[in-house]
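Please look over the sequence and the model shown below. The paragraphs after them go through the fold step by step.

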Amino acid sequence: MPRKHRAAREREAPLAAPDRPRGVAPEWASAEGVRVQAVTGEKGKTYRCPGCQQEIRPGTPHLVVMEHEDVGFRRHWHTPCWRSELRRRGLSA
Ligand SMILES: [Zn+2]
């Protein structure tokens, strides 16, 4: 019965998007002494990326990097900027 198959697929499909873990940074982004979170930028705030000194526009998915387990050290980074920062520090795998 093709109808049954379609129904099963429809039940799974909508789950795929909302269930996608939020806040989980890509594996390459993590390093010792830092905690990295991925954010969607949906809050509508503009941040200044410490890597390139450019703005991170609202709605731009990017990374929040917390260093030394200290929320005062939380910085918003463009994803590619953080990647090169890790490389610069010699922390990238
Ligand atoms: Zn940047």
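In what order do the 3 strands of the open sheet stand? The order is E1-E4-E5, and the pairing is antiparallel. Two strands count as paired if DSSP finds at least two bridges between them. Helices (H or I, at least four residues) and strands (E, at least two) are DSSP runs, numbered from the N terminus. E1 and E5 are the edge strands with a single partner each, so one side of each has no neighbour in the sheet. On average, and ignoring direction, neighbouring strands of this sheet are turned by 30° against each other.

The model is a predicted one: local features need pLDDT of at least 70, side-chain atom pairs count only at pLDDT 80 or more, and totals for chains, interfaces and linings use all residues. Residues are numbered from 1 along each chain as its sequence is written.

The pairings can be followed residue by residue. Strand E1 (residues 34-39) is joined to strand E4 (residues 62-67) over 6 bridges in the antiparallel sense, and Arg-35 stands opposite Met-66 in E4. On to strand E5 (residues 75-77), E4 makes 3 bridges, again antiparallel. In that pairing Leu-63 stands opposite Trp-77 in E5.

The chain as a whole has 2 helices and 5 strands, in the pattern α-β-β-β-β-β-α along the sequence. Helix H2 (residues 79-89) lies across E4 and E5 and runs at about 40° to E4. Such angles run from 0 to 180 degrees between N-to-C directions, and the axes are lines fitted to C-alpha atoms, for helices over the stretch in contact.

The mean pLDDT (the predictor's confidence in each residue, from 0 to 100) is 81, and 75% of the residues score at least 70. Helix H1 (residues 2-16) has the lowest confidence, at a mean of 52, whereas strand E3 (residues 55-56) has the highest, at 97.

Next comes the interior. Of the 93 residues of the chain, 16% are buried. A residue is buried if 20 or more other C-beta atoms lie within 10 Å of its own, exposed if 12 or fewer, and partly exposed in between, with C-beta atoms placed from the backbone. The largest nonpolar core has 11 residues, including Val-34, Ile-56, Leu-63, Trp-77 and Trp-82. E1, E4 and H2 each supply at least two residues of this core. A nonpolar core is a set of buried Ala, Val, Leu, Ile, Met, Phe, Trp, Tyr and Cys residues joined through C-beta atoms within 7 Å. Not counting residues up to four places away in sequence, Ile-56 touches Gly-41, Thr-46, Tyr-47, Cys-49, His-62, His-76 and His-78.

The loop between strand E2 (47-48) and E3 holds Gln-53, and Gln-54 lies in the loop between E2 and E3 as well. Gln-53 has a positive phi of about 65° although it is not a glycine. Gln-53 is exposed because it has 8 other C-beta atoms within 10 Å. Gln-54 is also exposed, with 11 other C-beta atoms within 10 Å. From Gln-54 to His-78 the C-alpha distance is 9.0 Å, while the two are 24 residues apart in sequence.

How values were computed. Contact = placed C-beta atoms within 7 Å.
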